[in-house]
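Dear colleague,

Please find the structure below, handed over for your review.

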Amino acid sequence: MTAYRVLVGLNYPTAPGVIKRLLAGDDLPPAVRAEKRAEPGDIVSDLPAHSIPALLEKACIEEVADGG
Amino acid sequence: MAVRGAADVAFLLVDGYDILGTVTQLNDKQQALTERTDALGDLWEEHTFVGIRTAEITQEGFYDDAAGSVHAALSSGPGNSSRVLCYGPDGTTTGAYFKGLTAVQVDYEVDFRRAELHKARATYKSNGRFDNGRVLFSQAALNGTSQHLGNTVQRVDASGAAATTSTTGGGAGYLQLVSFTSAALATGVRARIQHSSDNAVWADLITFTVATASPFAQRVETTVGIEAYTRMATSYQGGASAQATIFCGLARYAPGG
């Protein structure tokens, strides 16, 4: 699984059911989202796949090379 | 926007002071500065916008010397050129419109008359941009726990329809900390404005200075593009619980505006 270094502080859901509902247009309240917090410098590999291209384009994350 | 009345004025905050309860009249005037440009031979005056705007806000109401009220907020203010002022004419719901600016407090006037309650008035002039924005968190108490995430506010286009694209002109975020009572390990409030392109993953857009006491207010500008979805996110420095009441809002700018 590809790992990414967080460049800008992020909050994101990790539960597949929550992600599916959000991407389908449900505006879930914060308490239901159960978001995870990642600070700049953190290495994460559980970002919602659908969001990764936009996060890379906006320089919110960068792909971590093997051994990096 | 709908027709609004006095009951819809939701808040008037000056540097974290909540003074709406004493104010009976609020006047907000924005003006374009012009120069007369008619010349000899012209029959009518002509005026041309010189490219600079100004705003002036005046308030009138009751004099109140209770702690945290209008006298405490404004009596030492004349000459203060960095007062952060926000007011809401459109109700209290998240997403409602608000006005904000950094202002110079020009004066503070108190008026004592026979057979009347004491009155207080103040005038402010803009010290920079006058912002029209949307409320992200409307002067309410935060959760007593370590994190509070606001509801999503989705951008609307010029016709009022929900939009999913970003804006590119940057903007300004506002924080007003009206009250803060620290608890064990909680020494301050860390507030952020976050944005998202898909309402799923949120990135920090504006991070305010950690506020360690109330009243406190801050206006922070950003030049980066702002995604369609925005919200407020707070946590307590130290991580433990506390009690805090805040207002948070965001104004988007048009490109070049």
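Is F11(B) buried or exposed? With a relative accessible area of 1%, F11(B) is buried (buried means under 20% relative accessible area, exposed over 50%, partly exposed in between, with a 1.4 Å probe and protein chains only).

This is a predicted model, in which local features need pLDDT of at least 70 and side-chain atom pairs count only at pLDDT 80 or more, while totals for chains, interfaces and linings use all residues. Residues are numbered from 1 along each chain as its sequence is written, chains are lettered from A and ligands numbered from 1 in the order in which they are written, and side-chain values use heavy atoms, without hydrogens and water.

Over all chains, the search of the whole structure gives four aromatic pairs (rings of Phe, Tyr and Trp, the last by its six-membered ring, with centres within 6.5 Å; planes under 30 degrees apart are stacked, over 60 edge-to-face, the rest tilted). One of them joins F11(B) and F247(B), tilted, at 4.6 Å centre to centre and 45° between the planes. F247(B) is likewise buried, at 0% relative accessible area.

F98(B) and Y174(B) form an edge-to-face pair, with 5.5 Å between centres and 85° between the planes. F98(B) is buried at 1%, and Y174(B) is buried at 0%. F11(B), F98(B), Y174(B) and F247(B) form one aromatic cluster.

Charges also sit over rings (NZ of Lys or CZ of Arg within 6 Å of the ring centre and within 35 degrees of the ring normal): R129(B) lies over Y253(B), 3.4 Å from the ring centre, and R134(B) over Y97(B), at 5.8 Å.

Yours sincerely
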